[in-house]
Amino acid sequence: MSLRVRLALAIAIISALVAGGVSLAVYQRSTTDRVDRARETAARQVRTAASIVRLRLPGGATVTPSGSYVVTATGGVGDAAIGTGLPALLQSRVESSPGRVYTEPVLTGNDPAVYGGTQIAGVGAVYVRQSFIGDQQELSALQDALIRLTAAASVIGAILGVLVASALSRRLRRSATLARRLAAGDLDARLHPRGRDEIAQLGRALDDMAEALGATIRELDEAAERERSFSADVAHELRTPITGLVAASSLLDDTPEAVMVKERARALAHLVEDLLEVMRLDAGAETAMTDQFDLVRLVSDVTRDRLPEAEVTLPITLRVQSDPRRLERILVNLLENARRYGDAPYAVVLDPDTMSLTVRDSGRGFGVFLDRAADRFAMAAVARGGGSGLGLAIAEGQARVLGGTLELHDDNGAVATLRLPPESRVAIGAAVVTGGAV
Amino acid sequence: MTESQLPRMLFVEDDPVIRQATSDYLARNGFEVIAAEDGDAGLVAWRESDPVLALLDVMLPGMDGVALCRAIRAESQIPVILMSARSDPIDVVMGLEAGADDYVTKPFEPAVLAARLRAALRRVTPTDIERAPFEQIGSLLLDREGYAVTRDGEPLALTPTEYRLLVEFIDNVGMALDRAALLERVWGYGWAGDTRLVDVHVQRLRAKIEVDPAAPELVQTVRGVGYKLVQPSEAT
């Protein structure tokens, strides 16, 4: 239940309780007043009747079977019918204390009345009956009015409750909206609340928080921007001399010394490119540029180019939605890795059902490297044979950019498995085994 | 046989070592190189020497490579190749949209660079002469021997890359070609090529051959695959 509904309900219930309570008190007070007045009237009539009885006796008065004189409320004397409705309590009091006037209301039944009576010594008892019907009708009219009033108060309370609660809720919702806008990155969003109540305090606290948050995020953004532009500058500053070095060394005649220089210049160029790539991957700065293409054609083209002696197992076609350049990069690195550090026979398997691409060799396996996966130059340390040793780290990072994973394990040689997310599969042709990529 | 028969190319690069060494390498490998050290000098050299190819570094003092490319493209259809040392993809897109045919990133192997330059020049001299010499697609007329395209008799000024791209589409009319195939056939790239080359060039080709480039009728996009050329049902 929303705060607005709960507040409105609470205010409506309180209104109903207050109105109902006041109504009840008013009703009870009115009833008591009217009964008291009826008692006074009855007592007065009893005294009048008693005087009449004393004056007229013995003629004119009727003697009831109980031996009392009965005077009706209207002043007429001699209505015996009253005797049947006399409350027993009144009768016993009147008869036990001669000379005193007693009254007793009987408000139940269709014909409510207040009875009064007194014992006249030597004559008998005189009773009067004062009808309460008129009062009863007025009281019930009052009751109806009070019930309507209570109902009206409850409705008005509910409406007021909704209005008040809506106002509160609107202000609270504005706070919630601000929080969401901040979360969505709109750091300039503010509430600027007016007033001094708790909600205004909440608003001001949110504004303060937004201010602090904005400042922190701007600092981080600036730091990240500095970092990015620093990385780009470093890349540029490194590439310019290396480009010159490679270009200049390519002009040298192929003397043994010049070949060494050319080879080292080329290795340096590769190392720097690989390092820059690892930096970009680590920074999460890489995003895939996907396209739809036939992965089978890519795998068979690249394998024929880089490791033609590998046995390939491919479906006829496998159209995928992925980034062909990154897939090429991963596959080249895995094939180069197998060629440099592994032994023949090599196998490349593309399984369209699991969307996995496996490159397997029959060398001594990843071995130490598996335990030292965090050490990026481990491969280079295990076997020096050209390359930066960053190939697997790059393949792993590129796999992540594609939403996939790269798994390495040893099984009579090194086995590297690239798993692409199943949603990158568009359509599969029938699976066949071919003899080789050549 | 003589130097005048070598393709003359403009090379603008501010780093003296790269400029000198690359110029020497290219000069030894079949190019006549006119080298310049900044954009303004490059523009002057381009006007004076009338090269058949331009190789421009992107980051140059003064007028940068992208602006120089735009200036050359405004007057000439020669192949322009940009050279960038930044991995920032914005550079690449800006360069291609300024009219460049291809780009290479530093550091490059001089041999690979020379191969890319030759590939760009090859687009100027197509070898598929055994096909029908004339081909009509809608209001377009392709003249293979004259190496020209006209629309309603009006000659269209296509760059060699745009021409090669159009010929590739015409040779496979009605067939959807994916970006990888176009990259390989037009630019000579394998799978490591940048598919944005294809997209930017298709846009530029459309701007020249379509009546309404925003609603292309000839070169249509095949969603999720690439592009195809459609022979209009009524040839005009």
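Tutor: Helices (H or I, at least four residues) and strands (E, at least two) are DSSP runs, numbered from the N terminus. This is a predicted model, in which local features need pLDDT of at least 70 and side-chain atom pairs count only at pLDDT 80 or more, while totals for chains, interfaces and linings use all residues. Residues are numbered from 1 along each chain as its sequence is written, and chains are lettered from A and ligands numbered from 1 in the order in which they are written.

The helix to follow is α3 of chain A, which covers residues 133–183 and thus has 51 residues. At 1.5 Å a residue (the expected span is 1.5 Å times one less than the number of residues), α3(A) should span 75 Å, and the 72 Å that separates its end C-alpha atoms agrees with this. Its buried residues (those with 20 or more other C-beta atoms within 10 Å of their own; 12 or fewer make a residue exposed, anything in between partly exposed, with C-beta atoms placed from the backbone) are D135(A), T150(A), S154(A), G157(A), G161(A), A165(A), S169(A) and L178(A).

Just beyond the end of α3(A), the glycine G185(A) takes a positive phi of about 105 degrees. Further on, in the loop that joins α3 to α4 of chain A, lies H192(A), which has a positive phi of about 45 degrees although it is not a glycine. H192(A) is exposed, since 7 other C-beta atoms lie within 10 Å. Most residues other than glycine have a negative phi, and most peptide bonds are trans.

If one takes the contacts (pairs whose C-beta atoms, placed from the backbone, lie within 7 Å) between residues of chain A at least 6 apart in sequence, 66% of them join residues at least 24 apart.

In total, 26 residues of chain A are in contact with 25 residues of chain B. On the side of chain A that touches chain B, two or more residues come from each of α4 (198–249), α5 (256–282), β5 (291–294), α6 (295–306) and α7 of chain A; α4(A) gives the most, with eleven residues.

The interior can be described through nonpolar cores (sets of buried Ala, Val, Leu, Ile, Met, Phe, Trp, Tyr and Cys residues joined through C-beta atoms within 7 Å). The largest has 111 residues, and those with the most contacts inside it are V299(A), M9(B), A54(B), L55(B), L56(B), C69(B) and L166(B). Helix α7 (residues 324–341) of chain A supplies the largest share of this core, seven residues. Apart from that core lies another, of 19 residues, which includes A49(A), L86(A), V114(A) and V126(A). As for L55(B), once its neighbours within four places in sequence are set aside, its contacts are M9(B), F11(B), I81(B), M83(B) and L117(B).

Of the contacts in chain B with a separation of 6 or more, 57% come from residues 24 or more positions apart. Its helix α7 (residues 179–187) has R179(B), A180(B), L182(B), L183(B), V186(B) and W187(B) buried, and just after α7(B) comes G188(B), with a positive phi of about 80 degrees.

In the loop between α2 (39–49) and β3 (53–57) of chain B is D50(B), not a glycine, yet with a positive phi of about 50 degrees; D50(B) is exposed, with 12 other C-beta atoms within 10 Å. In the loop between β5 (102–105) and α5 (110–122) of chain B one finds P107(B), which a cis peptide bond joins to K106(B), with omega about 0 degrees.

Definitions and conventions:
Two residues are in contact if their C-beta atoms, placed from the backbone, lie within 7 Å.
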